[in-house]
Amino acid sequence: MTEEMPVVIECPSCGERYLIWPAMSELPQGTTYYSDGYFTSDNKWRTPEIIGCVTCELGFTPQNGKIIATPNREEFLQHWSHLKPAQPPTTGALVLELRARKNMDTTMEKVLRKELWYSTSHTTAGKNLLENNAKFKNFWNDSMVQLEALLDRNNPAELLLKAEADRQLGHYEQCLELLLGEQSNMAEAIRNAAQRENCTLLVIAEKK
Ligand SMILES: [Zn+2]
């Protein structure tokens, strides 16, 4: 079996190159899963749904970026290992994108609002902004309400995220109603927390 390696993606605006993981069938040992669908792993990283380019400061989706190399281990170590992992835009950049993109389509709006959510739960800068800036907190709250409305309860990939958004917003009844009949570990954890009126992010499972 060949070892899975990151692929090299290029920013369509300026040509800066980043590393992303191809669709991961199974996450490796040492992965931590969170109730919002985010994960962290020792060796791999989540590919953001929008990548923040540090050179031209624009965001691009992995679908719009050009894959310029799919290296094997040897080629990777020789030519590409100096590249940075692709990261989402900063919290501030996401706010600007959301304000600037007046006529964005629903898919892009969902991506931006979801990455904004993740940035306030999983980056120190985003957490600080949420804790210390009342104006931003209002923006965040508004964005969460809009994200929750965009997520489709009939889409299995979005149902848990919608329920989790409701729980973090303190809408416990909506959360519990969405999860009726859902039996996964994730659904169970979110439901238990909602019943205790706990709105904080949960660690679901650590795969050792
Ligand atoms: Zn760029």
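These are my notebook entries on a predicted model, going from the whole chain down to single residues.

**Ground rules.** I number residues from 1 along each chain as its sequence is written. Since the model is predicted, local features need pLDDT of at least 70 and side-chain atom pairs count only at pLDDT 80 or more, while totals for chains, interfaces and linings use all residues.

**Whole protein.** I looked up the secondary structure and got 8 helices and 9 strands. Both are DSSP runs numbered from the N terminus: helices are H or I with at least four residues, strands are E with at least two. Next came the radius of gyration, which is 18 Å, close to the 17 Å from the globule rule for 208 residues, so the protein is as compact as a globular protein of that length. (That radius is taken over C-alpha atoms, and the rule is 2.2 Å times the number of residues to the power 0.38.) Along the principal axes, the C-alpha atoms fill a box of roughly 55 × 40 × 30 Å.

Then I checked burial: 30% of the 208 residues are buried. A residue is buried if 20 or more other C-beta atoms lie within 10 Å of its own, exposed if 12 or fewer, and partly exposed in between, with C-beta atoms placed from the backbone.

**Two domains.** The protein splits into domain 1 (7-85) and domain 2 (91-207), with bounds from an automatic or database domain assignment. Their C-alpha centres lie 23 Å apart. Where they touch, domain 1 puts in 16 residues and domain 2 puts in 22 residues. (Contact: C-beta atoms, placed from the backbone, within 7 Å.) On the domain 1 side, strand S3 (residues 31-34) gives the most, with 4 residues.

**A sheet.** I traced an open sheet of 4 strands, in the order S7-S1-S2-S8, with mixed pairing. Two strands pair if DSSP finds at least two bridges between them. S7 (66-69) and S8 (84-85) sit at the edges with a single partner strand each, so one side of each has no neighbour in the sheet. S8 pairs with S2 (residues 17-20) in the parallel sense, over 2 bridges. I also found one bridge by name: Tyr 18 has Lys 84 in S8 as its partner.

**Helix H2.** Which residues of H2 (residues 91-100) are buried? I listed Thr 91, Ala 93, Leu 94, Glu 97 and Leu 98. They cover an arc of only 160° around the axis, so they are on the same side of H2. (The arc is that of the directions from the helix axis to the C-beta atoms.) Arg 99 and Ala 100 are exposed, on the face turned away from that buried side. The cover over the buried residues includes strands S5 (51-52) and S6 (59-60), plus helices H3 (106-122), H4 (124-132) and H5 (134-150).

**Leu 161.** I found Leu 161 in helix H6 (residues 156-169). Leu 161 counts as buried because it has 22 C-beta neighbours inside 10 Å. Not counting residues up to four places away in sequence, Leu 161 touches Asp 36, Gly 37 and Leu 151.

**Cys 56.** Cys 56 is in the loop between S5 and S6. Is Cys 56 buried or partly exposed? With 14 other C-beta atoms within 10 Å, Cys 56 is partly exposed. Leaving aside neighbours within four places in sequence, Cys 56 contacts Cys 11, Ser 13, Cys 14 and Glu 16. Glu 16 is 40 residues from Cys 56 in sequence and 8.3 Å away in space, C-alpha to C-alpha.

Note on methods
Two residues are in contact if their C-beta atoms, placed from the backbone, lie within 7 Å.
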